[in-house]
Amino acid sequence: ARPTASPSPVPEAPQVVIRGAYARGDLENEFVYLENLGGVAGMQGWVLEDGEGHAYTFPAFTLYNGGGVNLYTHAGSDSVINLYWGMDRAMWGAGTLLTLRDRDGAAQATFQIPDD
């Protein structure tokens with residue numbers, strides 16, 4: 001009898017969540033924190049929208065299981081843990097609804113900024 005091949009494990013799907021928007025109203029320190037609770041997320045082409053016409057498109061960037069990234073509002077040099085939107089004003093006010101979409105446009109996470 002020939003041994004049966006074991007099925008290849010199916011890679012776990014990424015589960016990127018928006019944890020919150022911090023230092024709101026302070027352009028130099030304001031950021032959104034994203035965390036991946038699932039499998040590896042190749043985030044190139046993913047988009048974070050604010051529902052008011054502003055959208056950040058992620059560069060070639062990989063977010064591993066258990067990893068997180070800070071997306072700062074202001075300009076800067078991207079690194080493995082910090083990305084920079086390049087805006088010239090603070091963006092995250094109470095009630096703003098953030099939506100994270102994958103490269104196909106499917107919503108992967110939402111987060112509504114709470115009232116102070």
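The model is predicted, so to read it well: local features need pLDDT of at least 70, side-chain atom pairs count only at pLDDT 80 or more, and totals for chains, interfaces and linings use all residues. Residues are numbered from 1 along each chain as its sequence is written, and side-chain values use heavy atoms, leaving out hydrogens and water.

**Aromatic pairs**

Searching the whole structure turns up six aromatic pairs. Rings of Phe, Tyr and Trp (its six-membered ring) pair if their centres lie within 6.5 Å; planes under 30 degrees apart count as stacked, over 60 as edge-to-face and the rest as tilted.

| Pair | Centre to centre | Angle between planes | Type |
|---|---|---|---|
| Phe31 and Tyr72 | 5.2 Å | 45 degrees | tilted |
| Tyr72 and Tyr84 | 5.4 Å | 15 degrees | stacked |

Phe31 sits in strand 2 (residues 31–36) and Tyr72 in strand 7 (residues 68–72), so their pair ties together parts 41 residues apart in sequence. Strands here are DSSP runs (E, at least two residues), numbered from the N terminus. Both Phe31 and Tyr72 are buried, meaning under 20% relative accessible area (1.4 Å probe, protein chains only). Ring pairs link Tyr22, Phe31, Tyr72 and Tyr84 into a cluster.

Elsewhere to explore is an open sheet of four strands, ordered 5-4-9-10 with antiparallel pairing; two strands pair if DSSP finds at least two bridges between them. At its edges are strand 5 (55–57) and strand 10 (107–112), each pairing on one side only. Strand 4 (residues 47–49) joins strand 5 over three antiparallel bridges, and Leu48 has Tyr56 in strand 5 as its bridge partner.

Terms used. Buried < 20%, exposed > 50% of the residue type's maximum accessible area, 1.4 Å probe, protein only.
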